[in-house]
Amino acid sequence: MRTASLIMLSGLFVQVAHAADEIRLSTFPNVMLGTWAETAQQCAAKDKSNVVIEPARYGDGDGSCEVRWIDQSEGSRGINYAVRALCASASLPKKTQIVNIIVRTLGPDRAAMGRIYLRSAGSVFDDLKSYQRCP
């Protein structure tokens, strides 16, 4: 009986430790704010594919998204931000959809970003691209 209690208690500590590894945010941290592009040329040209990240929103030339929440966690290569947002298309602003993206830091002023699709077998990352912060 005592062994069973210790096993249950240790399982609880593992769950608490796992939950402590993830931090829920309502806005992007300051280190993520700014304009992000795939290339320096796109920064200079102010390309419509550039991603602009503000504290509680992000977007590109195709539309904008309002952050609902961000889960921040440590990854093997840096910090990961799993973002859930309500997005509107620039061409159809009244039509909204929930979008999940991942932003992975790759070093100072570098990040990978892409959509997350939730499947029965787990999460699938789509079109993860490398970005650099524009000056």
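## Disulfides in the model

A disulfide is counted here when a pair of cysteine sulfur atoms lies within 2.5 Å. The structure above is a predicted model, and by this rule it has 2 disulfides. With bonded cysteines counted along the chain, they follow the pattern 1-4, 2-3.

## Cys43 and Cys134

Let's start with the disulfide between Cys43 and Cys134, whose sulfur atoms are 2.0 Å apart. Cys43 belongs to helix α2 (residues 40-45), while Cys134 sits in the segment after β9 (122-133), so the bond ties together parts that are 91 residues apart in sequence. The link is left-handed, with -85° about the S-S bond. Both of its cysteines, Cys43 and Cys134, are buried.

## Cys65 and Cys87

The sulfur atoms of Cys65 and Cys87 also form a disulfide, at 2.0 Å. Here the torsion about the S-S bond is about 110°, so this disulfide is right-handed. Cys65 is in strand β5 and Cys87 in strand β6, 22 residues apart. Cys65 and Cys87 are each buried.

Now for the strands themselves. Strand β5 (residues 63-74) runs antiparallel to strand β6 (residues 79-89), and 11 bridges join them. They make a hairpin with 4 residues between the strands, and in its turn Gly78 has a positive phi of about 155°.

On its other pairing, β6 meets strand β7 (residues 96-107) in the antiparallel sense over 9 bridges. This hairpin has 6 residues between its strands. You can follow Arg84 of β6 across both pairings: Arg84 is the bridge partner of Trp69, and in β7 the bridge partner of Arg84 is Asn100.

Terms used
Residues numbered from 1 in each chain as written. Predicted model: local features only at pLDDT ≥ 70, side-chain atom pairs only at ≥ 80, totals over all residues. Heavy atoms only, no water. Pairing = 2+ DSSP bridges. Helix = DSSP H or I, 4+ residues; strand = E, 2+ residues; numbered from the N terminus. Buried < 20%, exposed > 50% of the residue type's maximum accessible area, 1.4 Å probe, protein only.
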